[in-house]
Amino acid sequence: MLWHGQTGRHAALSPETVEEVERWTPDLPPPPMLAPIAARLSALHLLAEDPVPDLANLRPARSRHALLFPASRQLWAPLPGIRTPGGFAYAARPLSEAQVALWRTCNGARTTATIAERCGCPLEEVLRFFSTLTHPSVQALQLRPDPTRARAPGLLHLVAPERPPSPRPSHLYGPAGETTLAQWHVEDITDGERHFDDRETTVAHAFAVPHPGLEGQLYGARLYDSLATRGLIPDDDGVLLEIGPGDGELGAAWREQAALRGRPPGEHIRLDISPTLLATQRRRQPGTREILGSATDIPLLDRSVDLILCNEVIADLTAIPYDPEETQEGDAIDALRARVAKYRLPTPRGPRWYNLGAWQMLEEVARILKPGGAAVITEFGAIDRDPQETEQLDHPEVSIRFDHLMVIGRTLGMRMQCVPLAELLDIKVQTHWLAQHSYAALRARARSHSGHLPARAWTAQTLPRPEAVEGLEWTPLTNPGPGPLVTRFYALIAHQPWYLHPADI
């Protein structure tokens with residue numbers, strides 16, 4: 001990387017280019033391979049023989065990552081050199097009143113000289129301040145020759161290490177490399193209220209605040225209305241089983257929406273393997289029944305449930321990296337092979353992840369659904385792409401290949417449908433929420449003051465702001481924000497037919 005300390009402009013060089021540069025005799029014209037690169041570097045004033053850039057006539061453009069808190073005169077920005085599995089570290093830079101004015105006057109169009117004149121500061125003082133922001137350890141400012149739009153993509157780029165994967169304890173994997181999260185859910189989830197803010201935000205958690213993308217509804221209420229429109233809720237509300245209800249917000253909003261529609265409450269059963277989360281759900285959903293148990297071995301009678309909700313759970317269930325050409329042994333491998341044969345699932349050559357736990361849960365769903373009942377299962381993944389393991393969470397989750405689940409469900413006698421989650425909930429994905437980089441800065445700022453900013457789908461109207469802040473960005477729901485991208489999620493809808501073969505009753 002070549003970096004100009006006064007402008008903040010930079011260029012990355014490949015190892016091959018560096019070797020060519022080292023072989024180049026400076027007194028000779030650059031070789032053909034280096035000519036276009038030399039021209040690019042010269043335009044950035046990164047060659048020693050280039051004249052010193054006229055800094056007074058360059059235009060400072062602010063990083064889109066940085067936020068200004070004018071009351072406390074602090075500039076919050078990431079530290080590019082410190083990157084963790086959870087993202088960048090952030091730090092505050094104290095500013096003087098004059099420096100706050102200089103920062104505010106930078107708009108990507110005004111030159112340094114114009115900014116100095118407008119703020120009544122000597123040019124040398126302005127350049128000294130700007131040089132503290134153009135340093136590679138800060139990257140809060142770039143001095144560019146041409147006007148730059150405030151939302152230019154380049155102002156979101158940081159030269160930084162790759163985001164590292166999260167270290168994973170060995171007990172999260174079995175002998176065949178399969179994910180095994182039962183112990184993690186039982187022992188490692190210790191704060192039910194903050195778990196989905198701090199460790200694994202879900203779409204349902206993010207949208208447990210009113211948002212225009214859901215026409216002001218909460219996620220659970222929107223889900224209720226969407227399923228009611230599709231005729232999936234029984235007339236008497238029947239027996240509802242919620243598998244993995246998280247912190248209970250979805251179920252609470254669901255029940256409230258049912259009450260608003262004048263529907264009888266029905267029996268609501270919560271199944272979770274985490275004692276901590278069950279306790280959190282209990283506080284939010286009094287009057288419901290809870291079961292401590294596994295999604296792949298549900299302790300309920302056959303044909304006993306009218307409707308099943310399973311929201312962002314199955315990626316946590318056992319997945320196996322399996323290669324049909326390798327000799328692999330063990331109980332998990334035997335279970336996988338048995339289901340591959342039973343459901344005639346393809347196993348192409350080479351290692352791939354297979355969602356064994358999700359398959360097992362679907363078998364349980366088929367067993368416990370009443371005739372005419374339905375299950376709605378949401379998760380991130382794709383229709384026909386191989387599953388992938390996440391790297392940044394503190395536990396392994398594996399995306400879902402939904403076409404395998406469709407085959408299994410149909411083989412089990414159910415009618416299957418798979419739709420994008422945004423389509424099921426009719427989410428207006430072009431509505432806006434707080435951009436991910438702005439959320440990260442605000443969250444870091446809150447933590448520094450012993451505060452907490454939940455991972456919600458904040459809008460300009462709902463975002464809590466204890467003090468004024470400048471530089472916030474809002475982006476469509478199709479771009480990263482405080483929660484997962486809803487466009488990565490699907491809803492699997494399984495219908496148990498009214499007619500069952502006598503052998504199945």
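Which residue just after H9 takes a positive phi? That residue is Gly 231, with a phi of about 70°. The model is predicted: local features need pLDDT of at least 70, side-chain atom pairs count only at pLDDT 80 or more, and totals for chains, interfaces and linings use all residues. Residues are numbered from 1 along each chain as its sequence is written, and side-chain values use heavy atoms, with hydrogens and water left out.

Helices (H or I, at least four residues) and strands (E, at least two) are DSSP runs, numbered from the N terminus. Buried means under 20% relative accessible area, exposed over 50%, and partly exposed in between (1.4 Å probe, protein chains only). Among the buried residues of H9 are Tyr 219, Arg 222 and Asp 225. Their cover includes helix H8 (203–206), helix H10 (249–260), S11, S14 and helix H15 (421–424); contact means heavy atoms within 4.5 Å.

Strand S11 (residues 305–311) has 7 of 7 residues buried, so S11 too is largely enclosed by the rest of the structure. Two strands pair if DSSP finds at least two bridges between them.

| Strands | Sense | Bridges |
|---|---|---|
| S8 (residues 239–243) and S11 | parallel | 4 bridges |
| S11 and S14 (residues 369–382) | parallel | 6 bridges |
| S5 (residues 74–84) and S6 | antiparallel | 8 bridges |

Within S11, Leu 309 is the bridge partner of Glu 242, while Ile 308 has Ala 375 in S14 as its partner.

An open sheet of 3 strands, paired antiparallel, has the order S4-S5-S6. Its edge strands, S4 (67–69) and S6 (87–94), each pair on one side only. Neighbouring strands in this sheet are turned by 35° against each other on average, direction ignored. Thr 84 stands opposite Gly 87 in S6. Helix H16 (residues 436–448) lies across S4, S5 and S6 and runs at about 40° to S4. Axes are lines fitted to C-alpha atoms, for helices over the stretch in contact, and angles run from 0 to 180 degrees between N-to-C directions.

Glu 397 is placed in the loop between S14 and strand S15 (400–401). Glu 397 is buried yet has no salt bridge, and the nearest side chain of opposite charge, Arg 488, is 8.5 Å away. A salt bridge is a side-chain nitrogen of Lys or Arg within 4 Å of a carboxyl oxygen of Asp or Glu; Lys and Arg count as positive and Asp and Glu as negative, with His and the chain ends not counted.
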